[in-house]
Amino acid sequence: MGEERTRYKLVLGYGTCGIAAGANAVKTALEEAVEKGSYDVDLDIAGCMGYCFKEPIIEVTDRERDYSVVYGDLDAKKVLQVLEEHILNGRVIEEWVVRKSDDPSFGEGDFLANQHRIVLRNCGRINPESIDEYIAVGGYQAARKALTQMTSEEVIDEVSKSGLRGRGGAGFPTGTKWGFARKARGEEKYLVCNADEGDPGAFMDRSVLEGDPHSVIEGMIIAGYAIGAKQGYIYCRAEYPLALKRLEIAIDHLHQRGYLGKGIFGTDWDFDIKIKKGAGAFVCGEETALMASIEGRRGMPNPRPPFPANEGLWRKPTNINNVETLAAVPWIISHGGDKYAELGTEKSKGTKVFCLAGKVRRSGLAEVPMGYTLRQVIFDVGGGVREGKEFKAVQMGGPSGGCLPAELLDTPVDYEAITATGAIMGSGGMIVADSSTCMVDLARYFLSFTQEESCGKCVPCRIGTKRMLEILTRICEGKGVPEDMEKLQTLAADIKAASLCALGGTAPNPVLTTLKYFRNEYEDHILRHKCTAGVCPALITLFINEETCTGCGACLKVCPTGAISGEKKEPHKIDPELCIRCKLCLSRCPTESIWAE
Amino acid sequence: MEEGCNHKHRFASVDDLRPLEEILKRYEKEKGALIPLLQETQEAYGYLDEKIMRMLAKKAGYQLSQIYGVATFYTQFRLQPIGEYLIKVCHGTACHVAGADLITEEVCNQLGIKEKETTPDGKFTLESVMCVGACSLSPIMIVGEDTHGKLKPTAIKKILKSYYGEPKEEDE
Ligand SMILES: Cc1cc2nc3c(=O)[nH]c(=O)nc-3n(C[C@H](O)[C@H](O)[C@H](O)COP(=O)(O)O)c2cc1C
Ligand code: FES
């Protein structure tokens, strides 16, 4: 990175998703080539741009023409070609372009054009390991403004005016919560950032922490000032090593600048932050369990009240907010609460980040104004279902959420509207399912998750989820009986009513929504012994298509039970008696001639 | 990905108490530091050996039951030694829907071990984890420090082989 300005700027998407897709090899190739050659370019990294489906990705900006293109699906070889063609010869390689800054209709441009980015405002655009880049885009001005020009009450008013509600799942109004902590009696107060992100299928908090850690920290500085807390904690799950590393770097930089510590921004306000690394327990995302974990105990929830605002960490008043909530705060302080409240519905304001995954064509990060319909999120932003298949369901809100069918695609994203369907907004994970996803298996999967993660403190959750899981497992094994559906329903009602925390209180949701919207699949499993999606091993048979089988023998070699037979170059056959339906052959077949039914 | 071949885990022997003493010193003044204490101890020794936990209890002033309680509550802590590389197959929602079961099955198949077991040569230990946050590249497997995304069961053999340094020609 030279001081003098080069014509081109080349930014590599370097978050966990990019690295998983091979960004390291691209980075090495780029660095070597730029070192050796004479390209008029400087290199930089950024967090996830949200185009996870096209990783590894680079954005090439032509500073002279104020124009940029994003290239996707790169590898070490292709990126050298980009250097040759684009940087040396000024020719854009159209084929690999994901997005052009001047033509949102080109390529996958509408993925971004259909979004409205506030929380993700800097993700993929600045180097998350450089405080200077954050400051250059206006970073820390909101915190400075809050601390030097506003009283704590004014800050809280502004956040209340914005209508911001907690993005950690429950959707509690943030301004109101801050007000409670502010008014709580006590000299010593704490502010905690909940970065535990335990919902499998949600990765927005990771993306923000990796792509723009300073925005979260700035939100914490503002929140700490508002409630009167001088010590902040970030509780981040250990499964996110890159997020942890970037947070550490950011906090180091802030100490060097005097933006954290004693008398920050030239005021007499002190604020500091410590990072606490989780140790792998989903329930620690729940606020009272999280605090127990910070104190070094087993992470088990406690009944509320007392609420953390009055008696939290070390029994002092404590305010807990989610990563996404905090990342929106600096924007609200800079632009004003009213501006934020212009977006969204009557009761759900602003924007929400969703993580698209599963069978959706464009998986990645989608930040949209509240009030967009599920259809807009999944189809306009997400590009619909992969391989042109039919949409079957979207799972929202992880293990506490539910599965919604195509008929509900016009539901707006709004806390109340989503809850009315039986799902929840939750953290914002959206797993799209097509005909190859079995809804009973999915419900069983979530129950096995909550059962495993139940901390065991209360009976309804510990034992109730176990009984539900047993029934679901039985159904998937083809041993279900018609009464099982009713039994599930009764158990679900009891667990919901009697659990100590929301882990148990919401655990039945995936079962209830699938029973409600996909009852036919339960009936298929129980009455007709069929898994139409071809997922549940006990209820399927594997076949080889004799027309397309080339007799290569790949399946025969991998079959653990010797159920496959056939001469070389002749169509093979599966003996259903011997077959244990492990489906290993299915993944080996080069001509996709094996199917499950 | 590719750079997976050259990092070796170096764990201290449980007879060597120096790493433990260093860790204890660092957290001497911090309240509620049991979890980071255990995390760093595990990083140093690879797992939480009974002898080490006893020592920790004595020196840091905890009840052994308290330490054991925490160590068994959180999935991150291990009471058994692990191989040189820890293989973590993600079984989060996205990965489950994308066929994580097949990935685990294939790894078991290739290495001849079951989940939570270590290969006889001490090279690999296999575990499942919940969402690692790279759902858009599901299914995902992490080997040591390297994340492998968009996996197909057919790719696993080659990936595992790459951790044996010089790629060996194996009879097929
Ligand atoms: C079982 C369970 C798991 C939770 N996991 C998380 C989580 O991973 N991240 C999070 O921010 N909130 C999580 N929550 C919600 C928190 O308890 C809390 O409501 C939230 O952190 C408050 O922040 P907010 O007001 O900004 O949303 C979880 C709740 C429950 C019951
Ligand atoms: S489900 Fe595997 S990375 Fe999220």
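In this predicted model, helix H9 (residues 204-211) and helix H10 (residues 213-227) of chain A have axes that come within 5 Å and cross at roughly 95°. Because angles of 65 to 115 degrees count as roughly perpendicular, H9(A) and H10(A) are described as roughly perpendicular to each other.

**The H9–H10 contact in chain A**
- On the side of H9(A), the contact is made by Val208(A), Leu209(A), Glu210(A) and Gly211(A), while H10(A) contributes Pro213(A), Ser215(A) and Val216(A).

**Domains**
- Chain A is assigned five stretches, namely domain 1 (8-108), domain 2 (131-341), domain 3 (351-434), domain 4 (439-527) and domain 5 (541-596).
- Taken over C-alpha atoms, the centres of domain 2 and domain 5 of chain A are separated by 54 Å.
- Chain B is assigned domain 1 (18-73) and domain 2 (85-161), and the C-alpha centres of domain 1 and domain 2 of chain B lie 29 Å apart.

**Interface between chain A and chain B**
- The size of an interface is often given as the accessible area lost when the parts come together.
- For chain A and chain B, the area buried between them is about 4,000 Å², of which 58% is on carbon and sulfur atoms.
- In terms of residues, 58 from chain A are in contact with 45 from chain B.
- Three salt bridges are counted between chain A and chain B, and a salt bridge joins the side chains of Lys276(A) and Glu30(B), with an N to O distance of 3.6 Å.

**Backbone features in loops**
- Most residues other than glycine have a negative phi, and most peptide bonds are trans.
- In chain A, the peptide bond from Arg304(A) to Pro305(A) is cis, with omega near -5°, and Pro305(A) has its place in the loop between helix H12 (287-294) and strand E9 (318-322).
- The loop between H12 and E9 of chain A also holds Trp314(A), which has a positive phi of about 50° although it is not a glycine.
- In chain B, the peptide bond from Ser138(B) to Pro139(B) is cis, with omega near -5°, and Pro139(B) is found in the loop between strand E2 (124-129) and strand E3 (141-143).

Notes. Residues numbered from 1 in each chain as written. Chains lettered and ligands numbered in written order. Predicted model: local features only at pLDDT ≥ 70, side-chain atom pairs only at ≥ 80, totals over all residues. Heavy atoms only, no water. Axes fitted to C-alpha atoms, helices over the stretch in contact; angles between N-to-C directions. Helix = DSSP H or I, 4+ residues; strand = E, 2+ residues; numbered from the N terminus. Parallel < 35°, antiparallel > 145°, perpendicular 65-115°, else oblique. Contact = heavy atoms within 4.5 Å. Domains from an automatic or database assignment. Buried area = accessible area lost by both parts, 1.4 Å probe. Salt bridge = Lys/Arg side-chain N within 4 Å of Asp/Glu carboxyl O.
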